[in-house]
Amino acid sequence: MSSSRVGLRLAACLLNVSEAGRKYIVENIAKAALLDKNGKKHPQVSVLNIFSDQDYKRSVITIATSVDKLACFRAL
């Protein structure tokens, strides 16, 4: 299989949040990564995983996007 596209370069961020008990807070942080200030979805941005550890009261949110899309976030 051949493709004219060399490859998609991805950037990932593991966001550690000192919150695990209040699920809605963690979900709102994840939603903020997906939406711009007008509530429109950022293209090519994905929340890959949300892991919450109740014992340590920590959550890790894994976010990924295309490296080429990172330039639009610098302007925010």
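**A close look at the salt bridges**

Mentor: Let's begin with glutamate 27, which is partly exposed, its relative accessible area being 34%. Keep in mind as we go that this is a predicted model. Glutamate 27 has a salt-bridge partner in lysine 23, and 3.8 Å separates the closest N and O atoms. That pair counts as a salt bridge because the cut-off asks for a side-chain nitrogen of Lys or Arg within 4 Å of a carboxyl oxygen of Asp or Glu. Now find both residues in helix α1, which covers residues 23–34. Lysine 23 and glutamate 27 are four residues apart there, about one turn of the helix. Lysine 23 itself is exposed, with 58% relative accessible area.

How many salt bridges does a search of the whole structure find? The search finds two, so let's turn to the other pair. Here arginine 22 meets glutamate 19, side chain to side chain, with 2.8 Å from N to O. Look at how the two partners sit: glutamate 19 has a relative accessible area of 13% and is buried, because buried means under 20%. Arginine 22, on the other hand, is partly exposed at 42% relative accessibility.

To gather the picture, trace each bridge in turn on your screen.

Notes: Residues are numbered from 1 along each chain as its sequence is written. This is a predicted model: local features need pLDDT of at least 70, side-chain atom pairs count only at pLDDT 80 or more; totals for chains, interfaces and linings use all residues. Side-chain values use heavy atoms; hydrogens and water are left out. Buried means under 20% relative accessible area, exposed over 50%, partly exposed in between (1.4 Å probe, protein chains only). Helices (H or I, at least four residues) and strands (E, at least two) are DSSP runs, numbered from the N terminus.
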